Amino acid sequence: MIISKIELYELAIPPIPAVARYRPLYNNLVCRIETDEGLVGIGEKQGRPDSYDSEVDDLTGKDPLSVDPFTLPVIFACALLDIVGQAKGIPIHRFFGEKVRDRVPVSYWSCPMEPHETAAEAASGARLGFTNHKLKARPWNIVDTVRQMKDAAGSEYTVGVDPNMQFKYLHVATRLAEELEPFGTVENFENPILKHHLDWFRLLREKTSIPIAMHFHDTQDVFAAVKVECCDQFNLSGAPQLVKKTAAIAEAADIPIWAQMGGLCLGVLAAYSVHVQATIPNAILPCDELPFIREADILSGALVVDKGHFIVPEGPGLGVELDMRVMEKYRIA
């Protein structure tokens, strides 16, 4: 078996209308690798097609079973594992360890909006079966926003508050935590203050009952945060091998995690992340893989979301296929 053709599709799929008013999303790149035996592997990442010219040239004509996928960018690693999984009749999660769950929790999501708009999105999320809402928060309206979200979606619909460090200082985050605690719906504060002040995070953790979360892409950062006991949860990003390593450090300290391998991605990278998360014992918190924030689905529903959970695909390889009509409709390069 050899790789006979590699196609890279740059797609511009707009966000859903509520998000589009505030944030036009970046384009995504989807890889489609064909073999001479008819197998097709797919992968996804941000970027432009010409940024991967050398990898396309190097891979074309090779046996996909002879290539170490983990030496390549994630877009090709996923596509090659998809091919290998299909050839061997096994799902991709088998390459990452024992599967420990069939369903991976996921959050609904909003960019910064006016409180009444976020509340309307919370009501939409609840109707769709989600039970958690990741919110890009700002200090001047977060309290009113959470109040209106609770009124709109109910007390069982929880909120992950992610200010991107825009609460900035310890005293601001502490005051906002005190105001938010009584609602009983805030599930965590993610990166509320400046990340290089781990001592501030530890103090904030002591001052509030709201769990404190930190977002990291590096093993040393996770180790440092564990060492000083400054947070309760981690959001972990990166390639699968890195997410597995950082999650293992957190697991040794009994800290739960969620993953964000793609974030505002399309369905291919979300499916890849779901396979990886299915093998991480402490990945029990709602993840940040958000293909449903786009107006179109390149997988035509093949990656199922049910009651706020992705269903782990079980078919060989990635277990999903591209809808080429959608791909061609939104292709720009």
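Helices here are DSSP runs of H or I with at least four residues, strands are runs of E with at least two, and both are numbered from the N terminus. What you have open is a predicted model, where local features need pLDDT of at least 70, side-chain atom pairs count only at pLDDT 80 or more, and totals for chains, interfaces and linings use all residues. Residues are numbered from 1 along each chain as its sequence is written, and side-chain values use heavy atoms, with hydrogens and water left out.

**Stop one: a helix pair**

Select residues 115-127, which is helix α4, and 142-153, which is α5. Their axes come within 8 Å and cross at roughly 35 degrees (axes are lines fitted to C-alpha atoms, for helices over the stretch in contact, and angles run from 0 to 180 degrees between N-to-C directions). Now show the side chains: on α4, the residues meeting α5 include Pro115, His116 and Ala119, and among their counterparts on α5 are Asp144, Gln148 and Met149 (contact means heavy atoms within 4.5 Å).

**Stop two: a sheet**

Next, pick out β1, β2 and β3, an open antiparallel sheet of 3 strands in that order (two strands pair if DSSP finds at least two bridges between them). β1 (3-11) and β3 (40-45) are the edge strands with a single partner each, so one side of each has no neighbour in the sheet. From one strand to the next, the twist averages 15 degrees. Zoom in on β1 and β2 (residues 28-35), joined by 8 bridges. Where does Lys5 find its bridge partner in β2? Look at Glu34.

**Stop three: cysteines**

How many disulfides does the structure hold? The count is 0 (a disulfide is a pair of cysteine sulfur atoms within 2.5 Å). Select Cys78 and you'll find that the nearest cysteine sulfur, in Cys31, is 8.8 Å away. Cys78 is buried, at 1% relative accessibility (buried means under 20% relative accessible area, exposed over 50%, and partly exposed in between, with a 1.4 Å probe and protein chains only). Move on to Cys265: its sulfur is 8.6 Å from the closest one, in Cys287, which is too far for a bond. Cys265 is buried as well, at 1%.

**Last stop: two loops**

Glu229 sits in the loop between α8 (219-228) and β10 (233-236). Its phi is positive, about 55 degrees, though it isn't a glycine, and at 48% relative accessibility it is partly exposed. Finish at Ser300, in the loop between α10 (267-277) and β12 (305-306), where phi is also positive, near 55 degrees.
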